[in-house]
Amino acid sequence: MLLVLIVGWLGWLSLFTERYRDAWDRIAVGIGFTIRTTALAFVISLALGLLLALGRISRNVVLRNVARTYIEFIRGVPILPLIFFLALVVVPDVAAWLGFDNRSISTEWRGVIALAIIYGAYIAEVFRGGVQSVPRGQTEAGLSLGLSRRATLRRVIFPQAMRAVIPPLGNDFIAILKDSSLLSVLAVGEVTLRARQYAAGSFRFRESYVVLVFIYVSLVLVLSFGLSRLERRLRRDVQPHDAHH
């Protein structure tokens with residue numbers, strides 16, 4: 001109830017009072033930009049995280065150590081310095097190596113790639129944990145049926161692991177949404193940058209950051225509500241199966 005009251009108060013200020021409404025009109029145009037950036041980074045990080053997770057559980061010692069080194073390096077550096085390093089050093093260098101013009105890569109895509117590379121390491125650990133949560137007997141059962149190790153992983157292990165990884169993946173999506181605010185340092189036009197620009201031009205810092213907090217809290221609450229509904233549905237799907245056994 002306290003949270004509802006706080007969000008309601010912030011929403012009333014942002015939408016129904018004149019001074020705050022002006023800030024809302026200037027800042028809210030970045031909501032679509034923020035959502036698009038978050039969604040793109042999440043999709044790319046999912047693919048990268050899955051590849052890294054497969055490397056972590058691989059029998060190939062080279063792949064296993066490369067994946068582990070990548071994950072440990074990313075997780076050992078704060079996000080903001082990593083964003084600068086990836087967006088302003090790694091992406092331009094890789095683009096030049098591939099023969100692309102650095103100027104053709106927008107700041108939005110640099111930010112998206114940076115977030116995807118960072119969260120790919122965290123999502124890799126989510127996938128690895130989900131795969132390892134499946135009892136080893138399931139792998140042995142798949143192999144005993146004549147499936148290859150790869151087919152067993154794809155047809156037996158992954159479907160069961162997905163139940164375990166969906167909730168933490170939802171949490172990572174919310175984390176990417178919140179950390180997309182850090183892309184304002186790259187002049188990416190999401191809501192945080194627009195709030196900073198409005199505050200600097202009008203000196204209405206209170207109005208700017210009240211609106212900004214309201215936007216982020218609202219987005220996170222909507223996503224959290226959807227994630228909690230999904231978790232309850234997954235639990236309902238599992239309970240009859242468990243009761244049967």
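Just after α5, Gly 99 takes a positive phi of about 90°. The helix itself, like every helix named here, is a DSSP run (H or I, at least four residues), numbered from the N terminus. The model is predicted, so that local features need pLDDT of at least 70 and side-chain atom pairs count only at pLDDT 80 or more, whereas totals for chains, interfaces and linings use all residues. Residues are numbered from 1 along each chain as its sequence is written, and side-chain values use heavy atoms, without hydrogens and water.

Buried means under 20% relative accessible area, exposed over 50%, and partly exposed in between (1.4 Å probe, protein chains only).

The spans of the two helices, between end C-alpha atoms, are set out below; the expected span is 1.5 Å times one less than the number of residues.

| Helix | Residues | Span | Expected span |
|---|---|---|---|
| α5 | 19 residues | 25 Å | 27 Å |

**The nonpolar surface patch**

Phe 73, Leu 80, Phe 84, Phe 85, Leu 88, Val 89 and Val 185 form a nonpolar surface patch with about 570 Å² of accessible area together. Patch members have over 30% relative accessible area and no salt bridge, and nonpolar side chains (Val, Leu, Ile, Met, Phe, Trp, Tyr) are joined within 5 Å. A salt bridge is a side-chain nitrogen of Lys or Arg within 4 Å of a carboxyl oxygen of Asp or Glu. Helix α5 (residues 79-97) supplies the largest share of the patch, five residues. Phe 73 belongs to helix α4 (residues 61-75) and is partly exposed, at a relative accessible area of 45%.

**Positive phi in loops**

Ala 187, in the loop between α8 (149-179) and α9 (191-202), has a phi near 65°, a positive value in a residue other than glycine. Phe 203, likewise not a glycine, has a positive phi of about 60°. Phe 203 lies in the loop between α9 and α10 (205-244) and is exposed, with a relative accessible area of 64%.

Definitions and conventions
Patch = residues over 30% accessible without salt bridge, like charges linked within 9 Å, V, L, I, M, F, W, Y side chains within 5 Å. Areas by Shrake-Rupley, 256 points an atom, 1.4 Å probe, with all protein chains shown as cover. Helix = DSSP H or I, 4+ residues; strand = E, 2+ residues; numbered from the N terminus.
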